[in-house]
Amino acid sequence: MSVEVYRDEWGIPHLRADSARELAHAQGRNAAADRGWQIEVERHRSQGTSAAFLGREAAGWDRFARQARIDDTARRCYSALDEETRGWLDAYVAGVDAGLRELGGAAPEFARAGLEPGRWRPWTPLGIWLSTHILFTGLPGKLWRDEVVRRVGPGAVGLFATDGPGTSGSNGWLVTGDRTATGGPLIAGDPHRYIEDPGVYQQIRLACPEYDVVGLAVPGVPGVGHFGHTGTVAWAITNAMADYQDLYRERLRRLPDGGVEALGPDGWRPAFRSVETFEVAGAPPQEVEVVETERGTVVIGGPDEGEGIALRQPPRVREDLGFAALPALLRARTVADVDRAFDRWAEPVNVVQAADTEGGLLHRVAGAVPERDPENLLRVVPAHDPRHAWRGLRELPREPVGTVAVMANQRGLAAPLGIEFAPPHRADRIRELLDAQDVWTAPGMAAVHTDTRLASARPLLDLVARLDGLGPDAEALTKRLLAWDRHMDADSADAAAYARVRAAVVRKLAAHPAFAPLTGMGEAYPEVFRPWLALAPRIAYALETLLTTDQFPDVDRETVVREAVEEAASATAAGETWGDRHRLAAWRALPEDGDEAAPGLPGDHDCVLSTSSVPGITDLSARGPAARYVWDVADRANSLWVVPLGASGIPGSPHRRDQLPLWLRGGLVPVITDWNRLTKETPMRESTVYERTVEGFGTVRVAPVDPAADLDVIHGWVREERARFWGMEGASREQVRETYEHLDSLTTHHAHLVRLDGEPVALFQTYEPEADRVSECYEVEDGDIGVHFLIAPAAGGAVRGFTGALMTVLVAYALEGHGKRRIVVEPDARNTKAVALLERAGFALGPEIVLPEIDLPEVFLPEKRARIAFLER
């Protein structure tokens, strides 16, 4: 494997390899090196095992992850992948495992949490992708709307329809070449997510003979999915705000034998049921009952309550997470290639923009959206009613691009696919800013990224303007607010005063008797859903509507605002700015002692610079631009990007937070494409355990088998008829993988791949005889080492003496490399060619023996008649 790793001055990795699979392996290894702790936390979250080291706070998520069967869904989606994508994914996972073994445990969080890096399953990246996005939609909003209808009435549902807490958005815009200085399109934007430490996006470059791509990768997932530039085509996405998951109210009953049935359109039908136990650090283990009906997985309630709510989601129904799109995007050269790749996209549903150097433009929705009854989109629907069944997939909209295209989660291109969208303020403001300038450059886009105009302040300020008879302090505050430019700048005292008034209004509305029926609704639901069911955040994000609606006639809005202004006037501190109140609160799985003071932030949730807080609860910001990018399609070297913290996730690294000052002030880092401007690291290569050069023969290298990366080679060899005595001629890929993963987990048995001048030529396995069944057939001596070997079918061709030369090196490795005195072999007694080869190599033949059958959960070995042989040092 030939891999080169370069870094730019910001520590961003640039990886180069001889093939796409080697590059995937290198990307996995890099993820383990730079983000080992982060990706291990995500692996545990996808499996529902994070509470074992994170404690009680993670138990609610683990319970949900198991009830939703995230890991099992990922396994199913992996099994359904095409062979090419599966092999590419296998190589990535193998790289992660190799990196974690060599480098990942160095992250200090592992020691603090008492956690060792674990083994990744082939489907782990799919599990991480699903667990990251399973609550990315408006799914929990259906619970809220269901309760609003039940408690207040259907007329109140629309009052709270807005981009609420816990959801994620993004800005994105495309300016065509006739509006840019280079004559080529510019694509820019910023994904809004929870700001995490380390960051949720990793800047990276992936280069091999097939492609050369820069983009933002999700640590733990191969490729570049959301934002990328291949040199000739660039793309970006925002959340489409589409509705593609459903909640079904199930009637459940428990059977005498412990089984469960659910009432569906065809009557009572058996449901899947299992009971799982998970560990919780500092507390007793917890037990969770997992139930799945024909609609979906029961994530709320259960058979003991007589009913539950089942989650139905496309990846589980269709066994497809859209991962086949990822390698296709890397190979894209034109907009048409990107379009075809996104035809295979599934989760989450996104709005896509793309442009290429040939003049191609793209603006479309991508993903899997089921066709079903409109009521499914609104609320929880009855499981027994057949009209709520899914009826295939919807055709997704697309539209032509003018000189400018804007996507900001607004009710636009994806409007037919959803219920709740972000208010139009961000999209309108972006378009206004773009239209105000005739010619744009990549650096000029920072002015759009960082705009802080808050259009949603208008309804509240209109009510402030109507107030009279206020006290002196309140009157002075009113004058300030009405003169304010409505920009949420970090150094603005007026923005801070507005925020105080707004927070007071939210609290007073939440406490008003008119909204009393909507209080406490989260208490009946699992904790993972409660942020979406809290009243104050819902009021905060729907404040524009609630201040102008007639739906609640008992609420005297002018009085509420008057009281809020008086309260804020008496509480406002002299010189207080918005940045004093609005500070970054990045999420960290394991908080550190002595954290740096959180920096103050400009922006607000309806600004283009969308740094979200929860008015009335806290002005701290947990969400914001998780990255910013500007793709210059005409010349990739003019492109720019930045992340909130830095390229590295390792505490103490100079690149852990070196981009934070730039991110705070709206600066961007150049995308480096010239390899000569990068610093080369020591090449990444396999962990060679033995290497020997034989004159006239070549260099033989012995390295541990990587069960995922080497699967194609080994599976091909062991299925050959000539390898029938190896006992695996009928084995599937998964069976071969499981066999070598089991070997890899042992300390007494080891499998190695042997390469001659880089080409695989043999499989060589060593073992300690006292830990093997052969020990029942002869008297093991100190210094014995057992070996098995399989020479590749075409290895050596017609080269005379090939096998003897290779055997000489392997014998030397077994004896010298392990400090052993005697080699023990036990080929199948029917394998006369192998026995003759051993004799020629100097082995002393012993008697025929019968190796007993082994039947264990991890491995099955049939009884075998063998010929034992020995070679002394």
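Reader: Which residue of strand 29 is the bridge partner of Phe764?

Author: Phe789 is the partner of Phe764. This is a predicted model, and the pairing belongs to strand 28 and strand 29 (residues 784-791), which run antiparallel and are joined by six bridges.

Reader: What makes strand 28 count as paired with strand 27?

Author: Eight bridges join strand 27 (residues 749-756) to strand 28, and pairing requires at least two, so the two strands count as paired. They run antiparallel. Arg755 stands opposite Pro760 of strand 28. The two strands form a hairpin with two residues between them, and Asp757 in the turn has a positive phi of about 50°.

Reader: Why is strand 28 called largely enclosed by the rest of the structure?

Author: Seven of the nine residues of strand 28 (residues 759-767) are buried, so the description holds.

Reader: Why is the contact of Glu292 and Arg69 called a salt bridge?

Author: The N to O distance between the side chains of Glu292 and Arg69 is 2.7 Å. The cut-off is 4 Å between a side-chain nitrogen of Lys or Arg and a carboxyl oxygen of Asp or Glu, so this pair qualifies. Glu292 lies in strand 12 (residues 283-292) and Arg69 in the loop between helix 3 (59-67) and helix 4 (70-79), so the pair ties together parts that are 223 residues apart in sequence.

Reader: How do you know whether Glu292 is buried or exposed?

Author: The relative accessible area of Glu292 is 14%. Buried means under 20%, so Glu292 is buried. Arg69 is also at 14% and counts as buried.

Reader: What makes Asp451 and Arg429 a salt bridge?

Author: Their side chains meet at 2.8 Å, N to O, which is within 4 Å and therefore meets the rule. Asp451 lies in the loop between helix 14 (446-449) and helix 15 (458-465) and Arg429 in helix 13 (residues 425-435), so the pair ties together parts that are 22 residues apart in sequence. Asp451 is buried at 8%, and Arg429 is buried at 14%.

Reader: Why is the pair of Arg865 and Glu848 called a salt bridge?

Author: The distance is 3.7 Å, N to O, and the limit is 4 Å, so the pair still counts. Arg865 is in strand 34 (residues 864-872) and Glu848 in strand 31 (residues 844-851), 17 residues apart. Arg865 has a relative accessibility of 48% and Glu848 one of 45%.

Reader: How many salt bridges does the rule give?

Author: The count is 75. Some residues are linked in a network of salt bridges, including Arg21, Asp90, Arg121 and Asp712.

Reader: How do you know that Glu347 has no salt bridge?

Author: Its nearest side chain of opposite charge, Arg318, is 8.2 Å away. A salt bridge needs 4 Å or less, so Glu347 has none, although it is buried. Glu347 lies in the loop between helix 11 (335-342) and strand 15 (350-356). Its contacts beyond four places in sequence include Trp129, His133, Tyr244 and Pro315. The peptide bond from Glu347 to Pro348 is cis, with omega about -5°.

Reader: Why are the buried residues of helix 26 said to line one face?

Author: The buried residues are Ala834, Val835, Leu837 and Leu838. Seen down the axis of helix 26, they fall within an arc of 160°, so they line one face. The face turned away carries the exposed residues Thr832, Lys833 and Arg840. Just after helix 26, Gly842 has a positive phi of about 100°.

Reader: Which residues have pLDDT under 50?

Author: Residues 163-167 stay under 50, and the model has 19 contacts for them beyond four places in sequence. The chain averages 91, with 95% of the residues scoring at least 70.

Note on methods. Residues are numbered from 1 along each chain as its sequence is written. This is a predicted model: local features need pLDDT of at least 70, side-chain atom pairs count only at pLDDT 80 or more; totals for chains, interfaces and linings use all residues. Side-chain values use heavy atoms; hydrogens and water are left out. Helices (H or I, at least four residues) and strands (E, at least two) are DSSP runs, numbered from the N terminus. Buried means under 20% relative accessible area, exposed over 50%, partly exposed in between (1.4 Å probe, protein chains only). pLDDT is the predictor's confidence in each residue, from 0 to 100. Contact means heavy atoms within 4.5 Å. Lys and Arg count as positive and Asp and Glu as negative; His and the chain ends are not counted. The arc is that of the directions from the helix axis to the C-beta atoms.
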